[in-house]
Amino acid sequence: MKRYNLLIVLLLLIFNVTTAQKKNSPAADFGTLKETKAKIEKTVPLVIGHLQTIATKEGDNNILINGKTALGKEYAKVEQEWRLYRGNMSSCILNNSNKKSKKCLEYHNRMFRDTMINYKNYITYLTKKNGYLGVEGDTKIDFNPAEMATKLSEAYFNASDAAGRMKGMQKKDFMDQTNAEDYKLSPYATIAQ
């Protein structure tokens, strides 16, 4: 009888150690969200700086004014998608079975990646070469939508696994942190100075 008790205690200990390692892993870390937020926000001053250079070189301030307006519209699309993305990813985890959750996460991650690709194409067009002016740009922007989407996908899939080990309100509180103000994109007017 004592041997069986010892075996059960050892199995429980191994299970608890394994579970603890998963909980302390970077899996449940949402640092990737802050990193992505920062990369998106950094594009605005870089693009505006490039537009300023072209406007100065051509002696036409309308290039800067019109460019800032157009960039603001594109940034607004990204800002809306970023808000929807975080909410949808949390909803996928909280409101679905594990199998449905994975499909839901993949779908919304693909939508986010496509929006980021459109934004990247737009800012690349503005900074690489402005066709009608023939001005070459040397602005380097650290913005890779596929890489960003992959990192975010990993973070959310790991968060889904972590949330699966939680109960009720603990799970909801855990996922609500992704919609915190810290992860919200700064308004365009604030960063387009």
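Partly exposed describes a residue whose relative accessible area falls between the buried class, under 20%, and the exposed class, over 50%. The views below show a predicted model.

**View 1. Salt bridge between Asp 114 and Arg 113.** The side chains of these two residues, Asp 114 and Arg 113, meet with an N to O distance of 3.5 Å. Asp 114 has a relative accessibility of 33% and therefore counts as partly exposed. Arg 113 is partly exposed as well, with a relative accessible area of 29%.

**View 2. Salt bridge between Lys 151 and Glu 35.** An N to O distance of 3.2 Å separates the side chains of Lys 151 and Glu 35 in this salt bridge. The pair links distant parts of the chain, with Lys 151 in helix H5 (residues 145–164) and Glu 35 in helix H2 (residues 31–58), 116 residues apart. Lys 151 is partly exposed at 33% relative accessible area, and Glu 35 is partly exposed at 35%.

**View 3. Network of salt bridges around Lys 151 and Glu 35.** Besides Glu 35 and Lys 151, the network of linked salt bridges includes Lys 39, Asp 142 and Glu 147.

**View 4. Salt bridge between Glu 41 and Lys 37 in helix H2.** The closest N and O atoms of Glu 41 and Lys 37 are 2.9 Å apart. Both residues, Glu 41 and Lys 37, lie in helix H2, four residues apart, or about one turn of the helix. Glu 41 and Lys 37 are both buried.

**View 5. Overview of the salt bridges.** The count of salt bridges in the model is nine; among them are the pairs Lys 151 and Glu 35, Glu 41 and Lys 37, and Asp 114 and Arg 113.

Definitions and conventions. Residues are numbered from 1 along each chain as its sequence is written. This is a predicted model: local features need pLDDT of at least 70, side-chain atom pairs count only at pLDDT 80 or more; totals for chains, interfaces and linings use all residues. Side-chain values use heavy atoms; hydrogens and water are left out. A salt bridge is a side-chain nitrogen of Lys or Arg within 4 Å of a carboxyl oxygen of Asp or Glu. Helices (H or I, at least four residues) and strands (E, at least two) are DSSP runs, numbered from the N terminus. Buried means under 20% relative accessible area, exposed over 50%, partly exposed in between (1.4 Å probe, protein chains only).
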